[in-house]
Amino acid sequence: MPTPSHPDTIAVELVTRPLDCSAAPLRPTLDTLPADILQSIIKLLYDEWLDNVHPKFRSYPRFDHERCQGEYLLDLSLTCRNLRAQTMPLIFREVYNWESSRGTVWPKSLWPYLKIIHIRECTVRNPRKLDLSLETIHSLALMPSLTKATVRLDSSVPPALLHSLSLAPSLLRLEIHQARFDGEFPCSPLPFHTLETLLISSSGFRGGASQENVNHNKQAMNFGLLLHALSSRLTELRISGEFIPRTFPSIEWLYIRRLAITEHEPRHNVPVPELISNMPALRDLEVLYTLDTTRAAHVKGRFPSFHLGDQSGRILSDRCPLLSRVALGNVLPDDSIFAQLPGCLESLNLRAPVDPYRDAHMGFPRDAYCPFNEHTLPKALSHMQHLRDLTELCLDLDSFVKAPIIHHIGLILPQLEILEFRLPRYMFLDSPVCFNARDRDPAILLALNLFSRLLHLRITMHFQRMHSDPHYSREVTAQWFFRGVPTLRTVSYAMVGNIHTLGFDSGSWQTLDRRVLDFILPTPPPSPPPLQLSRTYPSVFPPD
């Protein structure tokens, strides 16, 4: 029987014993993975959170504004130094200016990670003013990775802030909300060497009404100086119509590819052909003026007081030969702009955005002005017979989709491949073209067959109430479309459930293809008669 070894002997044997390479290798842990693999895992977790958790707050942009998009990584970053180094670029990717006992400037060790910065004078939950110090302003010019900056101030934008942002070495996008520019303009040049996108909006989380006691002449002059300084660099401009200066048509926009003019029309009438007369690289144009219900003199009933076209007869492509996509808001059926659309146009979007200037407390929106129905649409279509290259048409309606509407479109634009209808607000989803299985109109299918190359049908609805099971009733309706329209490849539905959403912005799309024909689905039960909608609407914002 072997004699038990002394503990000291065992220790010596463990030290001198050769390593047994045949033993099973240890499993790698998260912090021992190669850096590139670990970064891919963390990035996938980050994207998963954005796709599944973050969208829940998109219906309430005010409360989503100050959420940390990398908050789920905070616990992971505290486990070890390696994981903290890997998660830091995502945790501190998007930050806000705050006040703390350590000052208002972000630590210099974080500057390489800061890509998106929000500058504001107060939070959306607390009206207390934040101190926007000169030290904070000057630090923006020294941040090497800053690519996007948003500014939300109640007062005029300080010249020092604008100048500091112009010196940021990597800034690609600048957004100025609740814009006010009637203060002093920077005396020194504004380089903005890398800036590509500029957004200037008069609306914000505290409402869309224009601020009081604004010197509009001084503001228009400052906007003219700013746009002149950036005209040789920008590729995308999104600006409120009331900020368009008189000198806008004379500015040379050499590289701009996308122009979006939103909210109110300019204070002086400028037709669209004149607005884009110096944009040779323009491809995408959005003129989404809304009705200004706060200016009674500008509203005649429910009709807009402005026209987008002019009587010159100029085609938009005369100055913009690359123009392929156009979106128009609240345009009248007899507007001359339809005859001025270029024949090479590929996509046309006719929208009816809701007035964002309705209430300062973000109350329930007023109805949008939807000029198109089976009676008014033929007048607009009569001026579109030259659009032989048009493949996509998106249309806001003031009623449910009816066979005469599709029939009129099919006669004038039979080459369409994508057709989208956005149904009006406050209507139940028992339309024959949506979900009601008992009242489907065969004339709708006959009208859709006028399009020889129709591939995609899209329908956007504002969700109010569903009488039958919404899941399989959508699929049953898709089967009905696929059986009646042989060329159709997909049917898509977008449900917009937030009544505070401005305009007819789509929610998440549910797309069904022809594979749905392989399933035998039950027929939805008959829908009960719809209830009458009350004109008293409760607030759905969560409490502060």
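The model is predicted. Colour by secondary structure next. The chain comes to 13 helices and 17 strands. Now show the surface. Switch to contacts. Among those between residues at least 6 apart in sequence, 73% join residues at least 24 apart.

**Stop 1: the largest nonpolar core**

In soluble globular proteins, nonpolar side chains tend to be buried together. Here the largest nonpolar core has 111 residues. Select Leu237, Leu285, Ile409, Phe421, Leu448 and Phe481, which touch the most other members. Then pick helix H11, residues 403–412. Helix H11 gives the most to this core, with 5 residues.

Zoom in on Phe421. What does phenylalanine 421 touch, not counting residues up to four places away in sequence? Its partners are Leu395, Leu397, Val401, Ile405, Ile406, Ile409, Leu457, Arg458, Ile459 and Thr460.

**Stop 2: a second core**

Select Tyr46, Leu83, Leu90 and Ile91. These residues are included in a second, separate core of 7 residues.

**Stop 3: threonine 150**

Go to strand S3, residues 148–152, and select threonine 150 within that strand. Is threonine 150 buried or exposed? Its relative accessibility is 2%, so threonine 150 counts as buried. Show side chains now. The side chain of threonine 150 makes a polar contact with the side chain of histidine 118, at 2.5 Å. Last, display the surroundings. Leaving aside neighbours within four places in sequence, threonine 150 is in contact with Ile117, His118, Ile119 and Glu175.

Definitions and conventions: Residues are numbered from 1 along each chain as its sequence is written. This is a predicted model: local features need pLDDT of at least 70, side-chain atom pairs count only at pLDDT 80 or more; totals for chains, interfaces and linings use all residues. Side-chain values use heavy atoms; hydrogens and water are left out. A nonpolar core is a set of buried Ala, Val, Leu, Ile, Met, Phe, Trp, Tyr and Cys residues joined through side-chain atoms within 4.5 Å. Buried means under 20% relative accessible area, exposed over 50%, partly exposed in between (1.4 Å probe, protein chains only). Helices (H or I, at least four residues) and strands (E, at least two) are DSSP runs, numbered from the N terminus. Contact means heavy atoms within 4.5 Å. A polar contact is a pair of N or O atoms within 3.5 Å; within protein, one must be able to donate a hydrogen and the other to accept it, and residues adjacent in sequence count only if both atoms are side-chain atoms.
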